[in-house]
Amino acid sequence: MRELSTHDTVADAIFGAVTDHSRPLLTYYDEATGERTELSAATLGNWAAKTANYLVDEIGVDAGDVVVVDLPEHWQTAGILLGALWSGADVRIPGPDATADASEPLVVFTSRDRLDDHPDADEVVVASLDPFALPLRDLPPGVGDYGSVVRVHGDQFVSRSPAVEALDGTPTAEVISEARTVAERDGIASGTRVVSTRPWHTASGVLAHLLAPMIAGGSLVHVANATAERVTAIAEVEKAGVVFAE
């Protein structure tokens, strides 16, 4: 794991901790739909880079601009979160544990059924949450489809400036430090395969249950809508070193 500088982003910390970018970094199961999507560090990095390039080059996001991610756990949500953090935005996750002030967002990423919850956003982008990121049809005028708007952007991204704020107003360095502390507490080290049902649709959940395993150099298998028995079976198949089931 390379030493981070004060100018590094959360994405730098994650992808700098990866020893083999061809190996799985995020695997997403949804037992309600039968979905199993596995993304290597390279593939997840490409989606995050496309998202960051879209935000910076097309929308004009500057360091500290507010970007809201109002989405359930999904591999697309992970790509959006990492890309938004990489862009230098102050990423807000709506929920009961949100602590930052309610600044008007420049961009909101959400799902079709939550469109009415964000009337004040300058830009609204809907994620289909499809296993293959297939586009949504018949969206309202002015609303972007995530897979379509980011797909045309580049697979590589270089941060233009250090992130001033990263997650719910928490500075980037603190996010990285807290994530590492959580990973150490939870027994997650470099190479650890983590199977988890823990939620990350709140700011604290994103830090502890999405970012922490990756920043520690591990990989995450997130499982949705599964019984305890099924989680145990998945953990065995995925050769998990740590299992968190709620």
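Student: Which strand order does the open sheet have?

Tutor: The order is β2-β1-β9-β8-β10, an open sheet of 5 strands with mixed pairing. Strands here are DSSP runs (E, at least two residues; helices are H or I, at least four), numbered from the N terminus, and two strands pair if DSSP finds at least two bridges between them. This is a predicted model, in which local features need pLDDT of at least 70, side-chain atom pairs count only at pLDDT 80 or more, and totals for chains, interfaces and linings use all residues. Residues are numbered from 1 along each chain as its sequence is written, and side-chain values use heavy atoms, with hydrogens and water left out.

Student: Which strands stand at the edges?

Tutor: β2 (35–40) and β10 (242–244) do; each has a single partner strand, so one side of each lacks a neighbour in the sheet.

Student: How many bridges join β1 to β2?

Tutor: There are 6, and β1 (residues 24–30) runs antiparallel to β2. Tyr28 has Thr37 in β2 as its bridge partner.

Student: Turning to α2, is it buried or exposed?

Tutor: Of its 19 residues, 14 are buried, so α2 is largely enclosed by the rest of the structure. Buried means under 20% relative accessible area, exposed over 50% and partly exposed in between, with a 1.4 Å probe and protein chains only.

Student: What follows α2?

Tutor: Gly60 does, with a positive phi near 85°.

Student: And how many helices and strands does the protein have?

Tutor: The secondary structure comprises 7 helices and 10 strands. Buried residues make up 55% of the 246 residues.
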